[in-house]
Amino acid sequence: MKELLTYIVQNLTDDPDAVKITEKQVGAETVFEVRVANDDMGKVIGRHGRIVKEIRVIMKAVAQRQGKRISVEIVD
């Protein structure tokens, strides 16, 4: 799943090398923390948060098929 999230975020940004994704286990849930360059933050979040909402929908659908619980957070 981390590979899918990395692929999606890197294709949205102008600086794909600056994308860093860390994976943490919080209870039964896996939390993915996404860090991108400051200039790319708006591209990943989108107007009114639409892009990040859709990223979360895609990732939750993939996780649900695998019987897992995840969340995606955009971190400064």
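**Surroundings of Thr30 and overall form of the chain**

Beyond residues up to four places away in sequence, Thr30 touches Glu23, Lys24, Gln25, Arg69, Ile70 and Ser71. In this predicted model, Thr30 lies in strand E2, which covers residues 29-35. One of the residues that Thr30 touches, Gln25, is also linked to Thr30 through a polar contact of 3.1 Å between the two side chains. The relative accessible area of Thr30 is 9%, and because a residue under 20% counts as buried, Thr30 is assigned to the buried class. Of the 76 residues of the chain, 33% count as buried.

Strand E2, in which Thr30 is placed, belongs to a chain with three helices and three strands, and these elements follow the pattern α-β-β-α-α-β when read along the sequence. Among contacts between residues at least 6 apart in sequence, 54% join residues at least 24 apart.

With regard to overall dimensions, the C-alpha trace spans about 35 × 20 × 20 Å along its principal axes. The radius of gyration of the chain is 12 Å, which agrees with the value near 11 Å that a compact globule of 76 residues would have. The chain exposes about 5100 Å², of which carbon and sulfur atoms supply 48%.

Note on methods. Residues are numbered from 1 along each chain as its sequence is written. This is a predicted model: local features need pLDDT of at least 70, side-chain atom pairs count only at pLDDT 80 or more; totals for chains, interfaces and linings use all residues. Side-chain values use heavy atoms; hydrogens and water are left out. Helices (H or I, at least four residues) and strands (E, at least two) are DSSP runs, numbered from the N terminus. Buried means under 20% relative accessible area, exposed over 50%, partly exposed in between (1.4 Å probe, protein chains only). A polar contact is a pair of N or O atoms within 3.5 Å; within protein, one must be able to donate a hydrogen and the other to accept it, and residues adjacent in sequence count only if both atoms are side-chain atoms. Contact means heavy atoms within 4.5 Å. The radius of gyration is taken over C-alpha atoms; the globule rule is 2.2 Å times the number of residues to the power 0.38. Accessible areas come from the Shrake-Rupley method with a 1.4 Å probe; for residues, only the protein chains shown count as cover.
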